[in-house]
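Take a look at it first, and then we'll go through it together.

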Amino acid sequence: MGSSRVAVYDPVRPAGSLHLRAAEVLHGNWTGTSTVPSRGLYPHQWSWDSAFIAIGLRHLSPLRAQVELETLLDAQWGDGRIPHIVFNPSVPLDAYFPSPDFWRSSTAGRAAGAPRTVQTSGIVQPPVHALAAWLVHVSDPGLSRARSFLSRIYPRLAAWHRYLLHRRDLGGGGLASVVHPWEQGMDNAPSWDTPLSRVTPAPARSFRRADLDHGAAEDRPTDLDYGRYVRLATDYRDGQYADGTKGTEGFAVEDPAFNALLIASEHALARIARELGATGTARHTRAERLTAALVDRLWDPAEGMFFCRDVRTDELIPERGVSGLVPLLLPTLPRDTAATLVRTLQGPHFGLGESTRLVPSYDLTGHAFDPHRYWRGPAWFNTNWLVERGLRLHGEHARAQKLRGALLETADTSGFAEYVDPYSGEACGALGFSWTAALTLDLMHEAPEAVHSMTEEFGKGAKGGDRR
């Protein structure tokens with residue numbers, strides 16, 4: 001697919017417009033079969049990045065959006081997991097750490113069904129994929145049906161959800177657990193500090209951090225954190241990527257955002273099943289059951305937040321992060337829970353519309369807050385996009401519209417930054433970041449009413465059987 005595909009579905013835009021500049025970012029980061037998050041810092045394909053990127057790409061080229069997801073799913077493991085990185089063999093090994101020779105997916109992952117023809121990591125990322133697939137489909141149903149897009153990827157998405165719901169229910173309460181902070185996507189969030197404290201870090205001499213070649217050390221995870229990340233990944237690899245083992249230093253956490261995205265994607269899978277001739281009832285029912293489990297296990301009504309649960313101690317981790325706000329995305333969230341989350345969002349811990357222009361990744365009053373250090377305070381576009389959808393879904397249209405406007409303005413002034421200072425909007429991390437550009441396009445294209453009605457549909461069930 002050449003560059004002519006980029007704007008084929010789009011009207012002519014004035015030179016220099018936000019729309020065209022966002023499209024240029026995605027074009028510049030396109031490899032021919034997928035989109036890198038950024039050319040320097042992240043030179044491979046990332047799982048949840050590609051899902052968010054596809055959501056934006058559908059406004060430029062629905063075909064390219066489909067290919068983005070298909071390329072990722074081609075690297076799926078036999079046990080159903082979608083790896084968090086698919087490595088580009090043309091990129092030098094020292095361009096990113098951990099590199100393919102660290103993960104050893106084709107050998108260490110053989111028992112779990114890792115593909116032999118492509119190198120991947122062995123951990124996962126949040127399951128946004130079915131939601132992305134449905135949104136890509138509805139952007140051009142004719143093309144989707146002509147290419148049998150949904151019928152080809154539905155079995156893979158179903159296998160992915162089965163893996164999470166069965167292999168990763170480590171707490172026994174119905175929710176999926178992450179076994180590494182990188183799996184949840186918010187790598188160094190303070191929610192991980194307590195469970196990570198049990199992990200003996202890998203020696204500093206045993207690895208070299210390529211991320212510091214592209215980002216300021218004061219904005220990135222610390223060396224101690226990184227040593228623990230490496231130890232966890234090494235132990236998981238050396239255990240042949242088997243799930244369910246409970247070592248003395250193990251890490252297993254039920255995270256609200258990860259599970260909320262799984263629930264949203266279950267609703268989307270129900271819509272896909274209906275499109276393919278089934279009813280979707282079983283999946284809607286499962287999504288509602290998972291929503292109840294989420295509230296039961298992770299909601300703290302006294303604090304007005306969803307918190308992570310440390311599976312090893314079976315205790316909530318009392319750190320307020322944006323992850324605890326993402327369940328606003330869910331259509332069957334109890335009304336009083338949603339209303340409380342909105343109050344928390346506006347209150348002193350997140351300050352949206354009061355002291356901050358975008359939702360920070362961590363509690364403004366928290367002991368670890370830093371407006372520039374990765375997931376310990378800065379605002380990210382993907383989590384803000386999710387909160388914006390959630391606000392609109394639960395009838396908070398004015399607040400959603402204000403957040404939408406702030407996102408578009410900040411994307412414009414920050415050069416589509418990876419993340420920003422939540423107070424000033426100052427750019428941090430990589431510039432020309434793909435999901436920032438993609439979600440900017442989505443916010444520009446989606447009429448607020450369409451967003452509301454489309455999201456609402458995920459909560460509607462039907463009667464009868466379902467495809468599994």
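Are Trp160 and Tyr163 buried or exposed? Trp160 is buried, and Tyr163 is buried too. Keep in mind that what you're looking at is a predicted model.

**Aromatic pairs**

Trp160 and Tyr163 make a stacked pair, because their ring centres are 6.4 Å apart and their planes sit at 10 degrees, and planes under 30 degrees apart count as stacked. You'll find both of them in helix H8 (residues 149-167), three residues apart, which is about one turn of the helix. In general, an α-helix has 3.6 residues a turn, so residues three or four places apart point the same way.

Now try Trp380 and Tyr419, another stacked aromatic pair, with 4.6 Å from centre to centre and 20 degrees between the planes. This pair links distant parts of the chain: Trp380 belongs to strand E9 (residues 379-380) and Tyr419 to strand E10 (residues 419-420), 39 residues apart. Trp380 counts as buried because its relative accessibility is 2%, and the cut-off is under 20%. Tyr419 is buried as well, with a relative accessible area of 1%.

Trp380 and Tyr419 also belong to one aromatic cluster, whose members include Tyr42, Trp46, Trp48, Phe52, Tyr96 and Trp435.

**Charges over rings**

| Arginine | Ring | Distance from the ring centre |
|---|---|---|
| Arg64 | Trp30 | 4.5 Å |
| Arg237 | Phe102 | 4.9 Å |

**An enclosed helix**

Back to the cluster for a moment: Trp48 and Phe52 are among its members, and both are also among the buried residues of H2. How many residues of helix H2 (residues 47-57) are buried? Eleven of the eleven are, so the helix is largely enclosed by the rest of the structure. Among those buried residues are Ser47 and Asp49, along with Ile53 and Leu57.

**A look inside**

A search of the whole structure turns up six cavities of 30 Å³ or more. The second largest cavity has a volume of about 70 Å³. Which residues lie nearest its centre? They are Ala189, Ser191, Gly321, Ser323 and Ser361, out of the 13 residues that line the second largest cavity. Sorted by class, that lining has seven nonpolar, five polar and one charged residues.

Conventions: Residues numbered from 1 in each chain as written. Predicted model: local features only at pLDDT ≥ 70, side-chain atom pairs only at ≥ 80, totals over all residues. Heavy atoms only, no water. 1 Å grid on protein atoms, 1.4 Å probe; cavity = no way out; pocket = protein on both sides within 12 Å on 5 of 7 lines; lining within 4 Å. Points joined across faces, edges and corners; volume = space filled by probe spheres on them. Nonpolar A, V, L, I, M, F, W, Y, C, P; charged D, E, K, R; others polar. Phe/Tyr/Trp six-rings, centres within 6.5 Å; stacked < 30°, edge-to-face > 60°. Helix = DSSP H or I, 4+ residues; strand = E, 2+ residues; numbered from the N terminus. Buried < 20%, exposed > 50% of the residue type's maximum accessible area, 1.4 Å probe, protein only. Lys NZ or Arg CZ within 6 Å of the ring centre and 35° of its normal.
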